[in-house]
Amino acid sequence: MNFRKEFETHLTNFSDNYPDIKREFEKSEMHNPTMNLTYWYTHIYMLIKLGVEEWPKDTSILDLGTQMGVVPHYLKEIGFTDVSASNSKKEAGDTLEDLELVWSCMDLNVQHLHIKPEEEFTLDKKYDIILGTHTNIHWNMRKMLKIYNSKILTDNYYVRDKHNNSHTYFVPYNTSELKFFIENIKKYLTPTGKALINFHPFPYWEDRFKEELDLLKEHCEVGHCDSDDILFQHSYIIIEGDK
Ligand SMILES: C[S@@+](CC[C@H](N)C(=O)[O-])C[C@H]1O[C@@H](n2cnc3c(N)ncnc32)[C@H](O)[C@@H]1O
C-alpha cells in the first residue's frame, strides 16, 4: 500500500467521488476543508510515521478533534473497521449543525469532547491509535484575559487589524497541564497504543518554554515533519500506552 499516493488521489478526486459530502462541506464557510494537497502533507507524514501502512484493519482508531472528518472518513473508506472521532462542541460553536450534517453524510460516529486543562476527561474505550492533528487542545483560554470596555473578559481572543490580518492570542499549557493531559491520554491507550498530538501551533521550541519542552521530551517522543523549517506549525508528540 502506498498510503501517500492513495490518499492524495482520494483528495484530488473527492468532489467527483463524493458529491453529497462535498455539498455539505460547501455549506460550512468556516470549515470547508481545503483539498489543497499541501495542507495534507503533514497529516500524511504523521500517519506514515505512526505506521499506517502496516496497521491491521481492525486497529481501533480515534481522531481527536476531527472537525470535517476527512481523515477518519478516508480510513474507513480504505477498510479500517474500528474508526471513531471526537470534536469539541464549544469550539464548533454555531457551526456545529453544519458539521453534524457532514458527519452523518460520512456515517461517522462523533463523540463530543471538550478537554479542559487539568480536568479529567473520559473516552468510551481504549484505542490503539489516537490522532490529534492540527489541534489547539493545548490553548489554556482560562488564563487568557481580554479587557474590553474596562471589564476583564476571558474568551478566545481573535482580532483583525486594519489590514484585515488576523491576530490570535493564546496561553499554551504549562508543565503540569501537559503532564496531566499526557497521563489522561495514556489511560485510553492499549498497551501497544500510540497517540500522536500535533499541537498547533507548537510553541515549545521557544527558549521561554524550555521547561515544557524538557517535560515533553521526558514523557514522549517529540518530533516534526521532515525538511520543515516552520517548526512551530508541524511538530508533534507521540505518547505511548503503558506496557
Ligand atoms: C483546526 S481543527 C483540526 C481539524 C483536523 N484534526 C485537521 O487536522 O484538520 C482543531 C480541532 O481541535 C478541536 N479542539 C480544540 N480545542 C479542543 C479542546 N479543548 N478539547 C477538545 N477538542 C478541541 C476542535 O474541535 C477541532 O476539531
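Reply: Helix 8 passes helix 9 in a right-handed crossing (right-handed if the near helix is turned clockwise from the far one by less than a right angle, left-handed if anticlockwise). Helices here (H or I, at least four residues) and strands (E, at least two) are DSSP runs, numbered from the N terminus. This is a predicted model, in which local features need pLDDT of at least 70 and side-chain atom pairs count only at pLDDT 80 or more, while totals for chains, interfaces and linings use all residues. Residues are numbered from 1 along each chain as its sequence is written.

Back to the pair: helix 8 covers residues 175-186 and helix 9 covers residues 210-219, and they pack at an angle of about 20 degrees with their axes 9 Å apart. Axes are lines fitted to C-alpha atoms, for helices over the stretch in contact, and angles run from 0 to 180 degrees between N-to-C directions. That makes helix 8 roughly parallel to helix 9; angles under 35 degrees count as roughly parallel, over 145 as roughly antiparallel, 65 to 115 as roughly perpendicular and the rest as oblique. Helix 8 brings Thr175, Leu178, Lys179 and Ile182 to the contact, and helix 9 brings Glu211, Glu212, Leu215, Leu216 and His219. Two residues are in contact if their C-beta atoms, placed from the backbone, lie within 7 Å. Sorted by class, this contact has 4 nonpolar, 2 polar and 3 charged residues. Here Ala, Val, Leu, Ile, Met, Phe, Trp, Tyr, Cys and Pro count as nonpolar, Asp, Glu, Lys and Arg as charged, and the others, Gly among them, as polar.

Look next at the loop between strand 9 (189-199) and helix 9, where you will find Pro201. A cis peptide bond joins Pro201 to His200, with omega about -5 degrees.

Two other helix pairs are worth a visit. Helix 3 (residues 19-27) and helix 7 (residues 96-105) have axes that come within 9 Å and cross at roughly 170 degrees, and these two helices are therefore roughly antiparallel. In this pair, Asp20, Ile21, Glu24, Phe25 and Lys27 of helix 3 meet Asp98, Leu101, Val102 and Cys105 of helix 7. Their contact has 5 nonpolar, no polar and 4 charged residues.

Helix 1 (residues 3-12) and helix 4 (residues 37-49) cross at roughly 145 degrees, their axes coming within 10 Å. The crossing of helix 1 past helix 4 is right-handed. Phe3, Arg4, Phe7, Glu8 and Leu11 from helix 1 meet Leu37, Trp40, Ile44, Leu47 and Ile48 from helix 4. That contact holds 8 nonpolar, no polar and 2 charged residues.

Now for the ligand. There are 14 residues around it, of which Gly65, Gln67, Ser88, Thr133 and His134 come nearest; a residue is near a molecule or strand if its C-beta atom, placed from the backbone, lies within 6 Å of it. Strand 4 (residues 127-135) gives the largest share of this shell, 3 residues. The shell divides into 3 nonpolar, 10 polar and 1 charged residues. His134 lies in strand 4, and its phi is near 55 degrees, a positive value in a residue other than glycine.

Finally, step back to the whole chain, which is divided into domain 1 (3-138 + 181-240) and domain 2 (139-172), with bounds from an automatic or database domain assignment. Their contact takes 4 residues from domain 1 and 4 residues from domain 2.
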